[in-house]
Amino acid sequence: MYRVVVNAFGGPEQLSIIEAPDPSPGEGDVVVRLTSIGMNHADLMARRGDYKLSSGSPPFTPGLEGGGIITAVGPNVTDRQTGQRVVLSLDAPTSKGRGQGTYQSHYVVAASKTLPAPEALPDQILGALWLPYLTAWGCLIWKQNLQPGQRVLISAASSSVAIAAAQIAKHYGSLAVGTTTQAQKVAKLEAMPEACYDHLIATSQDNWYRQAKQLTGGKGFDVIFDPVAAGDFLNQEIRLLAEYGALWIYGLLGRPGTVDITPIIRKRASIRGWLLNELIGSGVEAGAYRHVLERVADGSYRLPVAATFPLKDVRQAHEFMEQGQHIGKLILVS
Ligand SMILES: NC(=O)c1ccc[n+]([C@@H]2O[C@H](COP(=O)([O-])OP(=O)(O)OC[C@H]3O[C@@H](n4cnc5c(N)ncnc54)[C@H](OP(=O)(O)O)[C@@H]3O)[C@@H](O)[C@H]2O)c1
């Protein structure tokens, strides 16, 4: 087997591949050959040293999600078999301790931290569903209780989380408006069936804010789902909120700046934070997994795959992600 190691905080050159003997499963464990490892912006942050809470100090192995085929089953595992296709649960990496992420060809994990995958799911996407779909579903449906007919503004429209959010918003009967920082991505997103936004707006245009407001008949958005959350953009989002609207912040992509929150009072609106980890151990975790697996299996949700890279080409994959030109999910395959 082999795994990726971050040797020191820094650029993609700090990623290296370490070969190791094939692992044996302990009691209650399985070995999963990971055919699919979803890449996330958080992996870049971990490599740079901006996410130490999750990564710990180097050397560590990044990776928050994965899925694949069971190649060995340990003693006292009765409900998993060799050859079975599984998805790792959200907390599989953290259950192993910090720095034991999924950038590995073979992953030893408790059998209870795996979920059987439906036949209809291709091997390549088994480990790339949770971060997009559960981040969006957990916030919009579980926390926000999004209703049919409500208006949702989704920023960073080309990210897999945002595209998943658009699919979920449409599935639940809402209006989905996406914003992207890059004007050239608008036509590309419009041509992608997975990116089912009702409207797309490039925020590089001076009048983007007015365009967005017009799409709501001047009423503003009931829900804003945003990983940028800073500076002038945040000011404009606050002004785009409807009465009693909710602005959910789930990432820190933007650069902090002064923000005027006074419109929040007039609108009796709210700004709230969302972290996917809140799903773990909650009463809805199992139902959320089931919802996503079933909707992907029946084609209601379609993961937008931007590109796949062999796990051994992890440096190129990180360089590619860093450029920010991709639309959708990047996946490491082995
Ligand atoms: N809270 C949670 O639990 C949770 C869970 C999963 C992910 N996240 C967050 O969700 C966000 C998206 O994750 P991802 O893995 O899908 O990322 P990604 O594929 O790297 O997508 C990032 C996209 O964000 C947009 N963007 C806007 N401003 C940016 C900036 N200043 N720097 C970089 N990108 C910027 C760009 O899209 P456009 O070109 O379309 O504007 C970019 O393509 C990240 O912030 C991540 O940390 C949070």
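**View 1. Buried residues of helix 11.** In this predicted model, helix 11 spans residues 314-323, and V314, A317, H318 and M321 are buried in it. A residue counts as buried if 20 or more other C-beta atoms lie within 10 Å of its own, with C-beta atoms placed from the backbone. Seen down the axis of helix 11, the buried residues fall within an arc of 95°, so they line one face of the helix. The arc is that of the directions from the helix axis to the C-beta atoms. Helices (DSSP runs of H or I, at least four residues) and strands (E, at least two) are numbered from the N terminus.

Residues are numbered from 1 along each chain as its sequence is written. In this predicted model, local features need pLDDT of at least 70, side-chain atom pairs count only at pLDDT 80 or more, and totals for chains, interfaces and linings use all residues.

**View 2. Packing partners and the end of helix 11.** The buried residues of helix 11 pack against strand 1 (2-6), strand 2 (15-19), helix 1 (41-48), strand 14 (305-310) and strand 15 (329-333). Two residues are in contact if their C-beta atoms, placed from the backbone, lie within 7 Å. Just after helix 11, G324 has a positive phi of about 70°.

View 3. Over residues 10-332, the chain is 29% helix and 24% strand. The end C-alpha atoms of this stretch are 20 Å apart.

Terms used. Buried ≥ 20, exposed ≤ 12 C-beta atoms within 10 Å, placed from the backbone.
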